[in-house]
Amino acid sequence: MPNVFGTPLKRREDPRLITGKGNFTDDIQLPGMLYMAVLRSPHAHARIKRIDVSAARQVPGVVAVYTGKDLEGKMGTIPTAWLVPDSDIKTPPHHALAVDQVRYVGDGIALVVAEDRYTVRDALELIDVEYEELPPVVNQEEAMKDGAPQLHEGVPNNIAFHWKAGEVPDEVFDRAEVVIRRRFYQQRLIPNPMETRAAVAQYNPSSGEMTIWCTSQNPHIHRFILSGVLGIPETKLQVVAPDVGGGFGCKIAVYPDEALVGYVARDLRRPVKWTEDRREHFTTTTHGRDMILDVELAGKRDGTLTALRIKNTANLGAYLSTAAPGVPTILFGLIAPGPYKIPKAAVEVIGVLTNTTPTDAYRGAGRPEATYQIERMIDLFADEIGMDPLEIRRKNLIREDEFPFDNALGLQYDSGNYHRALNKALEMINYDQFRKEQEEARKKGRYLGIGFSTYVEICGLGPSKVAGAVGFQGGLWESATVRVHPSGKISVFTGASPHGQGEETTFAQIVSQKLGVPVEDIEIVHGDTNRISMGWGTYGSRTTPVGGSAIAIACDRVLEKAKKIAAHALEVSESDLDFEDGAFQVQGVPGKKITFQEVTLQAYLAWNLPEGVEPSLEAQSFYDPANFVYPFGTHICILEVDGETGEVKLKKYVAVDDPGPVINPMVAEGQVHGGIVQGIGQALWEGAVYDENGQLISGTFMDYAMPKARFFPAFETAFTETPSPVNPLGVKGIGETGTIASTPAVVNAVVDALKPFGVKDLDMPLTPEKVWKAMQKGRREA
Amino acid sequence: METGKVNVTVTVNGVRRSAMVEPRMLLVHFLRDGLGLVGTHIGCDTSQCGACTVLLDGEAVKSCTVLAVQADGSDVTTVEGLGDMENLHPVQEGFWEKHGLQCGFCTPGVMMTAVGLLKQNLNPTEEEIREGLEGVLCRCTGYQNIVRAVQYAAARMSESEGHREVAAAGDDSGEGGR
Ligand code: FES
Ligand code: FES
């Protein structure tokens, strides 16, 4: 059988999706189904004085109306699942519907259930709420000040936690030859998967069983949490993530809405659907980033870096979302030194609650922010000492022979060849030639720039022991069941929950490679808690390194048992057998063999099994990795800034990523493309903006600039493949690298282009207006 | 008999379908909730994402911007009518071959947009394709493989339909001219 590992197999999920036969949550229609909609606060901060729902109740077709008071005590509050240790973390209650106070625009107040989509919206408008407005606070630094409006009882100065890792005393900076100090603002972003969130619930009163279909990246986490919130044991609660239209982190969290749908379906004994509209998505689905980073980088005049110190003031929004506390701390902080040998590092994080939409994971979650600051800082450092940005990287990058490498904050980078990825990327451009062209162009008033990003990221979350140590209230292993049916066809049940990443294909490639069975005979099952053993889902680029490895191990176990049966059937010892081309072959006796399918049938017939071997052929693995994995690479961006308008035109973009052995290069490349576009979105266009009253003024696609096809040139991508010693496949992750790497590559390139104007830094997004102003300032000062 | 509703008859994917609908009902809701054709998706409420794109009398339109009553008497093609696995439309084939989709949520609308685009220009440059995708949003793919998918479809369509089709496409764009 030809190698399937490493081939660009067409995706097996596509036939249903290109013929309109996908099954997304909002596609689900159940007999007697009702529609739910939630009334949301128009104020950022207010007391609810009175709610009158009587008019809404009168609307023909309305079945029920509930307010926060109606539900108080009848369902649990929505918990956070990341209790960062040694941080004095406060977890104020988050009611599914606000009881007497609203804390952000979008906070749920009441809900209506009706016979159809239109009626439910009509009725919503008839709910009359009297508010007593309170002063809001939207900025995290303002929120920490004495006298600032207080969001929750028992959270003084709105500080939810204060966390530290590492220490670098002041004198290190006082004595350093060069110190760069810079403040970066990681703007707030709106995830905006094209499918908004949705949930459908169905309750069976006679059995007490409930099914909730929802847009989840991790149905088992949803079941775990919703079971507690709704008071339904896991034995009777099924959560299904059907086709999910992208997540990017915002479908990790368990939200009030999914719990409400379940509550209402049980209360009314009818199926209920809720679908977020896009406007609602903008204000109620978790946002990403919003961190103020104060960074200090010390080093020598020769370019050697010696110490890094960061203070991160993170805006968490009005309540602590499921994974929110982990993002600015663990996921950001520990990888902050990046791919460079920086012997000393310290990170301090203050998590602050404000009258804004809660923040949580967004593609990369913490790592884009970490990569951004170090990639910008190293450029600033190079500029300060007059060194080429390429040279300073070469000098400080961890060398191939230094792995495993312990970074200054306790992470052990598994494997890497950073210089190889950098060199490969450089082969795809002509650096010297570019610098000449840049020089020439400047003379003619044209501004070209080049930016590098030689990133490393941490993914494959992760060892459960570490998850526990850093306060994540769950494990981070993954489950796999490989069930070989009597015919030799195989069902694989994975606890990972892909939603666009293509694992129905790439996981089948792993199994096919391992067991010599054609891909067509393998089915990958995911997303249904009733069919699949407990697992932890898809995020943090863990699906392949953790979920895929679990599958590989379960395949090994299947093979181990099959070999026993094969040896018995062929009357040889196991050590006489080789497994190749889907058959057990007796060494040195051509033709004496038994196929995997024949062995499978024997395993099920069980007429003649070896002593001590049980019937059937099925194996399970609950794989807990020993370490994280660390993909890396080099991205290079070349662009031109229009000297008249400030517009940035991308000219060339090169990405070399190393995710370990690539299972399907076509799928991996697709992940890189999508990531790059999202990362460039942050660099150039995207940004959620609140006014001082806490109104989101970038609350539709008209005001929030989503990347479009015409903004980009074709990207040039390539891979290097450095296996990880951590897992049996040697694989790392590829889902977030593009987002992590591209943002600083682009900003570095813009700053490089603007050098003639004396520009050292600009806050994202680098809109034409901002760039133009920076140029004007430079012109005035020149 | 429900009051305030009006009768709408639309030929959808070659089949005449009639229903009583509220005058304010959007075509996309009529297709999804009324006819159960859930392949057409909804991605926004400001007619910017293109997820809802269908062919209305042969022209790609966002079905969230059309009322069901406005489509009365018209011909609608949704993704379900574009082609099935036994008989894929070249655009569908291109999306599969070139990995033009990841989560697949935007895909029906993007494919219908591409069909509309190729009706007007069977031989688009990369730039023309990227511009032709102005009205659609995809959060997953970074667009590059969508562009490749459309290029693939364009090549397939021009090779299989030959010069006869070139003349017909000229007529089409005349009709659908803006
Ligand atoms: S749903 Fe029609 S354009 Fe977005
Ligand atoms: S494939 Fe997911 S939005 Fe386009």
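A salt bridge is here a side-chain nitrogen of Lys or Arg within 4 Å of a carboxyl oxygen of Asp or Glu. Across the interface of chain A and chain B, the rule finds nine salt bridges. One pairing of this kind joins the side chains of A:Lys10 and B:Glu97 (3.0 Å, N to O).

The structure is a predicted model, in which local features need pLDDT of at least 70 and side-chain atom pairs count only at pLDDT 80 or more, while totals for chains, interfaces and linings use all residues. Residues are numbered from 1 along each chain as its sequence is written, chains are lettered from A and ligands numbered from 1 in the order in which they are written, and side-chain values use heavy atoms, with hydrogens and water left out.

Contact means heavy atoms within 4.5 Å. Buried area is the accessible area (1.4 Å probe) that two parts lose on being put together, summed over both.

| Interface | Buried area | Share on carbon and sulfur atoms |
|---|---|---|
| Chain A and chain B | about 4,700 Å² | 55% |
| Domain 1 and domain 2 of chain B | about 1,200 Å² | 62% |

Between the chains, 58 residues of chain A are in contact with 52 residues of chain B. On the chain A side, A:Ile18, A:Tyr118 and A:Met194 lose the most area to chain B, together 18% of what that side buries. The rule also finds 28 residue pairs in polar contact across this interface (both at pLDDT 80 or more); a polar contact is a pair of N or O atoms within 3.5 Å, where within protein one must be able to donate a hydrogen and the other to accept it, and residues adjacent in sequence count only if both atoms are side-chain atoms. The largest share of the side of chain A that touches chain B comes from α19(A), with nine residues. Helices (H or I, at least four residues) and strands (E, at least two) are DSSP runs, numbered from the N terminus.

Contact involves 18 residues of domain 1 of chain B and 16 residues of domain 2 of chain B. On the domain 1 side, β3(B) gives the most, with three residues.
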